Each structure stands twice: as C-alpha cells, then as structure tokens.
Amino acid sequence: MSYTPLKLPDYHEQSPDVADRFRRIRERPVVLKVSDLRKTFGTEEGLQVAFENVSLDIHRREFLCIIGPSGCGKSTLIRIVAGLDHASGGEILVDGHPVSGPGQDRGMVFQGYTLFPWRTVKENVMFGLEMGGKDVDHADSEARQWLEMVGLGKVENSYPHELSGGMKQRVAIARALANEPRILLMDEPFGALDALTRCKMQSYLLQIWKKVNVTILFITHDLDEACYLADRIVVMGANPGRIVEVIENPVPRPRTVAQLLSPEFLTLKHRLDELIHGPVDAEEEKLPVIKLTEAGDEVE
Amino acid sequence: MVLRDWLGLRHELPRRRRLLLMVMSFVLPLALWALVSYVPWLWHPLVHITNAGSVDYLAPGMDVDGAVFARETAAAQKAGLALPEGYRVNPLYLPPPHKVARAFVTAFTTPPRLPNEPWLHQSLGHSIRTILWGFAISSLFGVPLGILCGTYRFFAKLQEPFIEFFRYLPAPAFGALCVAILGIDDPPKIAIIVIGTFFQQVLVIANTVRKVDPALIEAAQTLGGKGWQLVWRVVIPASITDIYTDMRILLGWAWTYLIVAEVVGTMSGITFFINQQARYRNFDNVYAAIGMIGIIGLTSDILLAWLGTGLFPWKRRVRSGKKIPVVEAIPIAPAVDPAVSAAKTVTGNAKS
C-alpha cells in the first residue's frame with residue numbers, strides 16, 4: 001500500500017454536546033419497543049430464519065437508522081413494525097400498546113412512491129385524513145399546510161405522474177405525516193432516487209423532522225445516509241438476520257454536508273463499513289488474469 | 001435512410017406519418033376492391049348477356065359462366081348461326097364500391113317491401129337496443145363479481161373454476177333453451193348476449209383487478225384504510241381505467257354475439273335486414289348493412305375512448321403547454337406555515 005491512512009478518532013468518543021444530547025434522548029419515553037422479535041418462513045429446505053433476537057427501544061423524537069446488507073431482514077422488520085407482516089415471535093409496543101396490524105399511529109414511506117395515481121397531490125395527502133373520518137374541508141386545509149411544509153404547495157393540483165421522483169417522495173412524506181403518527185417508518189425511501197436528488201432529500205428530511213413532532217425509524221443500506229441522518233445506527237448482519245451493534249452517532253447536530261469530511265463522520269463510516277463488509281479478502285476479489293491489451297497500453 | 005425512418009424497429013413515427021398510415025389502412029383494401037371491380041380483365045368470371053343470338057337457353061340480362069359462353073359462341077360460329085353477345089361481369093355478390101356506397105344512403109330511404117317489415121333505421125335501432133340491454137345486464141352482475149373475485153381469494157376460488165368451465169360452452173348452444181324458457185321475442189336474444197359476455201367479463205375484470213399494485217393497498221393500510229374502504233377507495237379507483245378498457249373490448253365481443261342472438265326465435269334487427277336483402281339479391285345493401293355494424297362499433301369505441309380521457313384526468317399525458325413548476329430548489333424552512341409548526345412541535349421536545 002502506497003498511501004497513508006488517516007488517523008481517525010475512536011467512534012465511541014463523543015463531544016460533550018453530543019453526549020449530552022444522547023443523555024437527553026435516553027431520558028425521553030420510549031415510543032417504539034421491539035422485544036425479542038423473530039421471523040421465520042418456510043422454504044423447501046425447511047424453516048428459514050429471517051432474523052431473531054431483535055430488541056430495540058426507540059425514544060421520542062429520536063432518529064434511528066437500521067443499516068445492513070441485503071438479506072439481513074431489515075425490510076421485513078420494518079414491515080412487521082408497520083403491521084403489514086406478522087412476526088413469528090416477540091412483541092412490538094407503540095406507546096406501550098401491542099401492535100396487531102397497520103394503524104395510523106405508524107406512518108410509512110415506501111421505496112416505491114406508492115402515491116395514488118388517480119388522486120391529485122393534495123388529495124393524496126388528504127387520504128389518511130379522510131380514513132380518519134375528518135370532513136373534506138378540514139382535511140383539505142390541513143393537507144395544504146402539510147404540502148406547504150414540504151415545499152410543494154404550488155403543485156397541489158397536479159397528478160403524481162407529473163412530478164419528479166424527489167417531489168413524489170416528498171408528497172409521500174407529507175401524506176404519512178398528515179396522520180400525525182407517533183413514529184414515521186421509512187423503508188429505503190430514497191433508494192430509487194439519483195445521487196443528487198437523494199442528497200437534497202436527506203437535507204429536506206432533517207428539516208422536516210426538526211419541525212414535526214415525530215420519531216423516525218429509517219432503513220437504508222447507504223452508509224453515508226445513515227451517518228448523515230441518524231442519532232443511533234443499528235447495524236444488522238445476515239444469515240441469520242440479527243443486530244450486530246448499536247452505534248451512537250458522534251457527528252454533532254445540526255448536520256451539514258461539510259461534515260461528510262469531518263473526523264467523526266469518517267470514523268463512523270469506517271466502522272460501519274467494517275461491520276457490514278467485514279475484512280476484504282483481496283485474493284478472493286481478483287478476477288482471473290486474461291490479457292487483451294497491447295504491450296505499453298496497460299493501466300495500473 | 002428512408003427505409004429506416006418508416007420501418008425502424010419500435011421506432012416512433014411522426015404524427016403525419018401515423019395519420020397517413022391510418023388512412024392507408026382503409027384505402028388499401030378499398031383500392032383492391034375497386035381494382036377487381038372496375039378493371040375488366042381482372043377476374044370478372046361471368047358474362048352478362050345482351051343478345052342471346054341463336055342460343056336458345058340464353059336470354060338478355062342473364063349472367064352465365066365465361067367458359068359456357070365461350071363454348072356456345074364457338075358452337076354457333078361453327079354452325080354459322082347468329083352469335084350471342086355480352087360483356088364480362090363480376091358475380092352479383094361482389095358489387096362494385098360505388099353501388100355499395102350508394103346503398104349506404106338508399107338502404108335508409110327505400111321503404112320495406114312488405115308493410116309490416118321494419119325500415120333499416122328501425123332494424124339498426126332494434127339491434128343496438130338488444131346489445132345495450134344484454135351488455136347492461138351482463139355488466140350489472142359481471143363487474144361487481146369480477147371485482148370481488150379480483151380482490152378476495154375467497155370469491156375467486158369459489159366462482160372462477162365454474163366460470164372457467166362455463167365460458168367454454170358456446171353461447172349459441174343455449175339458443176333453443178332460451179327460446180323455450182323466454183319465448184321468441186327479444187328476451188332470448190338478450191339472454192344469448194348475456195351468456196356470451198358475462199363469463200368472459202368476470203374473468204377479465206377479476207384479472208385486471210388482481211393486477212392492482214399491492215404496494216398501493218399496503219400504503220392505504222398504513223394510512224388507516226380498512227376493509228371495504230380499501231376496496232372502494234383504493235382497489236376500484238386503481239383499476240377503474242383498465243376496467244374501462246376491458247369494457248370497451250367486451251362491448252366489441254357483445255357485437256359478435258348479436259348476429260347469433262338475432263337468428264334465435266323470430267329473426268330481428270340488422271340480421272333480419274341482411275337476410276331479407278340477400279334473399280332479394282340486393283347484395284349492395286347486404287354489404288352496406290355489414291359495413292354499418294363496423295362503423296357503429298368503431299365509432300362507439302372511439303367515442304368511449306374520448307370519453308375515457310375526460311373521465312380519468314390522471315391518465316392524460318402531460319400536455320406540453322402545461323408547466324409543472326420546478327420546486328426542487330425551494331427551501332423548506334420559509335415555506336412552513338407557522339400554525340402547522342406551532343401545532344406539531346411540542347416545545348419540550350424541540351430539537352437542540
């Protein structure tokens with residue numbers, strides 16, 4: 001190796017401000033409690049474990065990211081929390097009440113946009129309010145406020161197919177928040193967006209979270225995204241799915257893009273990379289050597 | 001590359017070329033018909049006799065086979081008798097385009113031969129009424145059942161195997177039964193159309209409804225939708241445009257059952273007209289009547305398609321004139337309504 005690795009601090013080190021923040025978060029009541037959750041499903045080779053021994057406490061107003069390789073069951077986990085799937089064992093409590101199906105106390109934003117194509121942007125946001133039994137006038141004005149908040153007041157009468165991916169996802173966020181859920185579940189919500197839009201959306205999300213009284217459980221497989229957004233990061237491993245480590249993010253708030261190069265950010269990202277990808281076996285990654293280049297034409 | 005402009009694989013054609021091709025799709029078969037009708041040496045297998053000459057079984061006005069005419073002419077020539085005269089024509093059942101075109105008008109203006117027979121417009125009206133009744137009755141039951149089968153596995157498993165079996169039974173096979181049960185007037189005809197349409201309708205619509213993106217239903221569930229609300233507010237609106245397209249196609253199928261239905265019991269409607277005219281050997285009227293069915297079918301389909309774009313505004317393409325404001329760049333903070341943020345943010349929990 002011909003480069004000098006950066007000297008990074010230990011990712012456990014927290015500045016007094018950050019430590020104080022985590023202390024305050026821990027003092028707040030638990031919104032979502034997942035205990036000993038387990039999911040298995042039958043395959044041809046018998047019972048397969050998607051994940052087991054998953055326990056989590058998410059405190060009020062906390063931003064928690066779950067990160068892990070594909071196949072670790074993170075999407076199944078969030079679907080179970082949303083009530084769209086059933087656990088094989090364990091318990092989920094929202095504000096102390098067990099979860100038995102989908103409900104308005106948990107809002108969800110999916111990776112696919114899942115906006116209703118037959119409803120205008122505003123009508124999409126009104127959907128949950130109508131389901132909750134609000135009268136149309138009331139729902140209308142509330143929906144408009146939520147759209148203003150995500151910066152989309154101008155397109156309230158457009159149909160979803162007329163919007164860009166980023167705008168659609170902001171509508172989806174407004175739609176989920178309009179129900180004033182206790183916790184917002186986000187399943188790789190920016191996974192389908194291009195890198196630039198994703199970056200913007202992350203900053204939008206932080207701004208929205210600041211203004212709205214909501215706790216966020218966010219699933220991603222993007223290390224930068226987790227480091228940029230989360231308070232705590234839950235790292236999951238695969239085969240079988242399980243929690244490997246829960247990390248308190250040492251990057252101070254408010255977050256800016258400039259922090260992407262701060263020592264705290266880099267050390268955290270380095271640790272996540274280690275946990276998720278493990279030590280890289282250089283030999284295993286090598287392709288067989290077949291030369292098709294001319295002499296003198298090689299690249300290093 | 002002229003060829004590639006026209007025939008590029010999956011290559012979009014400009015609007016003018018599309019229109020040209022659409023017109024040509026009608027013009028080409030018409031041109032072929034005109035060619036066979038008006039160019040005397042193309043086909044024209046018969047000879048229309050103008051003068052019988054010495055052949056005793058010929059008479060002026062008669063059409064005889066070309067070979068027979070040639071043989072008789074040769075025979076007469078040999079015997080030194082008067083030659084028969086005539087010119088080559090196509091058979092009566094292939095009238096030239098201009099006659100059929102004229103028939104489109106004259107068929108309506110010609111009174112029926114017998115006083116109790118219907119005029120053409122009455123026959124057509126009768127047919128359209130039969131179709132609409134049949135289609136309406138079929139849809140009244142078929143659409144809800146299709147939606148139920150597409151939404152709930154319970155109904156799908158309970159209904160579909162039998163329907164799958166029944167749809168293989170040809171509707172005309174029920175003609176005699178329908179007459180025995182429902183009499184000889186319109187009810188058995190409507191019943192045939194219902195039998196022909198209903199079973200297909202249930203299966204087609206159930207399949208369409210099954211194609212609704214399950215993610216939309218899940219999204220609605222997380223927003224608080226439950227039970228019937230999900231069917232009314234999500235499943236049906238999500239599939240309504242495709243159901244509408246299905247209905248347009250099914251209406252076309254209903255027309256194919258019409259002709260069969262109309263010969264059941266007392267012959268009626270356009271089929272009666274066609275049969276009557278064929279009996280009188282007015283083949284130009286026969287073609288005109290068949291053409292009218294096509295025109296009515298195509299026009300109603302175009303009308304329904306046009307109506308559909310009005311009914312389902314979200315299916316319209318983005319019009320080039322309509323500009324969606326670009327709001328990617330609007331910062332969120334200043335856009336916040338103070339009322340919202342005040343209501344949603346509890347001071348004690350505000351972020352540091």
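Modeller: Five bridges join strand β3 of chain A, residues 63-67, to strand β8 of chain A, residues 215-220, and the two run parallel. Here strands, at least two residues of type E, and helices, at least four residues of type H or I, are DSSP runs numbered from the N terminus, and two strands pair if DSSP finds at least two bridges between them. Within this pairing, Phe63(A) has Ile216(A) of β8(A) as its bridge partner. In general, strands of a sheet pair through backbone hydrogen bonds, either parallel or antiparallel.

Before going further, please note that this is a predicted model, in which local features need pLDDT of at least 70 and side-chain atom pairs count only at pLDDT 80 or more, while totals for chains, interfaces and linings use all residues. Residues are numbered from 1 along each chain as its sequence is written, chains are lettered from A and ligands numbered from 1 in the order in which they are written, and side-chain values use heavy atoms, with hydrogens and water left out.

The two strands belong to an open sheet of six strands in chain A, with mixed pairing and the order β6-β7-β8-β3-β9-β10. At its edges stand β6(A), residues 106-109, and β10(A), residues 242-248; each has a single partner strand, so one side of each is left without a neighbour in the sheet. From one strand to the next the twist averages 20°, where axes are lines fitted to C-alpha atoms, for helices over the stretch in contact, and angles run from 0 to 180 degrees between N-to-C directions.

Leu77(A) itself lies in helix α2 of chain A, residues 74-82, and is buried, with a relative accessible area of 2%; buried means under 20% relative accessible area, exposed over 50% and partly exposed in between, with a 1.4 Å probe and protein chains only.

Chain A as a whole has eight helices and ten strands. Its radius of gyration, taken over C-alpha atoms, is 21 Å, close to the 19 Å that the globule rule (2.2 Å times the number of residues to the power 0.38) gives for 300 residues, so chain A is as compact as a globular protein of that length. Buried residues make up 51% of its 300 residues, and among its contacts between residues at least 6 apart in sequence, 70% join residues at least 24 apart.

Three bridges join β1(B), residues 46-51, to β2(B), the two running antiparallel, and Val47(B) has Val64(B) as its bridge partner in β2(B).

Methods
Contact = heavy atoms within 4.5 Å.
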